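Here is a short briefing on one protein chain. Keep the sequence and the 3D view side by side as you read.

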Amino acid sequence: MYSHVLQTTFFEGVNIQDEAFILSRFQKRSLSKNQVLFYQDDIADEMYIIKSGALQIYRQDEDRIIVLGHQFPGQTIGELEAVHHDKKRLASVSALQNTTLWMIKTKALDEIIELYPLILRRMFYVVSDRLAQADRKIEYLAFLDVRIRIANLLLDLYANFGKPVEEGALIDWKVTQQHLGNMVGIGRESATKALNDFQKDGTIILKNRLIIILNFKSLYEIAGGTGSTDDRRWHSHYTYRTPEEF
């Protein structure tokens, strides 16, 4: 949990001279679970930094939802449209759980960027991460086999939320099977069947909306044997340097 916005990675490595000025430019906003923050094609007039909770980035075509990515505490959302000349939102965003945000209007963001140009570098890193996630999403959706999609998704989830437990490797993030299906472009029934099949053959255990991986070798073989743990992380951890350090 972050107590104020200057603790987040958005401001990491930035030598803030007037903290009160920066803090005065942000406002708090709260979302309840499943509440939409904005829709695709909405006009952007603000950027957000997550204080607590979690957001999903998605596109919807009639009744079909494809989840493009997730953002968690300390991370930004809506930053690209806030500085781009085309202010249309590229995707929709909603809360996966009760979420608190810091919001800054684009005019105030421009003021801060003018004072601290290093912030633009941080925004570039965020956009780079989003492109990497999009590339992997396109790669997974190209697979027709549901088992391949789910195997890759489980390895991705392990890379981001995995921790060792007595039985194997726990994916320490509770998520519905509907949401898992949305993440790889399939229905809940197909996702449930694939997960049950993996459980029957001893690859995973399903327990209270949590997943424990028992057999990595099997998952990697089904996934195609590609993608290291580092490659599968959704958000990079950068070391920030001032211009004098380059």
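The mean positions of the 30 positive and 32 negative charges of the chain lie 5 Å apart. Keep in mind that this is a predicted model.

**Overall build**

- The chain has eight helices and twelve strands.
- Its radius of gyration is 19 Å, close to the 18 Å that the globule rule gives for 246 residues, so the chain is as compact as a globular protein of that length.
- The C-alpha trace spans about 60 × 45 × 30 Å along its principal axes.
- Take the contacts with a sequence separation of 6 or more: 72% of them join residues 24 or more positions apart.

**Surface and interior**

- Of the 246 residues, 45% count as buried.
- The accessible surface of the chain comes to about 12,900 Å².
- Carbon and sulfur atoms account for 50% of that surface.

**The nonpolar cores**

- In soluble globular proteins, nonpolar side chains tend to be buried together.
- The largest nonpolar core here has 29 residues.
- Within this core, I150, L154, L157, L180 and F198 have the most contacts.
- Helix 5 supplies the largest share, seven residues.
- Another core, of 20 residues, lies apart from the largest one; A82, I104, L109 and M123 are among its members.
- Which residues does L157 touch, not counting those up to four places away in sequence? They are G162, I171, W173, L180, M183 and W234.

**L170, a buried residue in a strand**

- L170 is found in strand 10.
- Is L170 buried or exposed? Its relative accessible area is 10%, under the 20% cut-off, so L170 counts as buried.
- Leave aside the neighbours within four places in sequence, and L170 is in contact with F161, G162, K163, V165, L210, I211 and I212.
- L170 and I222 are 52 residues apart in sequence, and their C-alpha atoms are 19 Å apart in space.

- T8 sits in the segment before helix 1 (19-24).
- The relative accessibility of T8 is 1%, which is under 20%, so T8 counts as buried.
- T8 touches Y2, I49, G74 and W102, not counting residues up to four places away in sequence.
- T8 and K51 are 43 residues apart along the chain, yet their C-alpha atoms are separated by 8.5 Å.

**N208 and R209, in a loop**

- N208 is placed in the loop between strand 11 (204-207) and strand 12.
- R209 is in the loop between strand 11 and strand 12 as well.
- N208 is not a glycine, although it has a positive phi of about 55°.
- R209 is not a glycine either, and its phi is positive at about 65°.
- N208 has 63% relative accessibility, over the 50% cut-off, so N208 counts as exposed.
- R209 has 47% relative accessibility, between the 20% and 50% cut-offs, so R209 counts as partly exposed.

Key
Residues numbered from 1 in each chain as written. Predicted model: local features only at pLDDT ≥ 70, side-chain atom pairs only at ≥ 80, totals over all residues. Heavy atoms only, no water. Helix = DSSP H or I, 4+ residues; strand = E, 2+ residues; numbered from the N terminus. Rg over C-alpha atoms; globule rule 2.2 N^0.38 Å. Buried < 20%, exposed > 50% of the residue type's maximum accessible area, 1.4 Å probe, protein only. Contact = heavy atoms within 4.5 Å. Areas by Shrake-Rupley, 256 points an atom, 1.4 Å probe, with all protein chains shown as cover. Lys, Arg positive; Asp, Glu negative; His and termini not counted. Charge placed at Lys NZ, Arg CZ, Asp CG, Glu CD. Core = buried A, V, L, I, M, F, W, Y, C linked by side-chain atoms within 4.5 Å.
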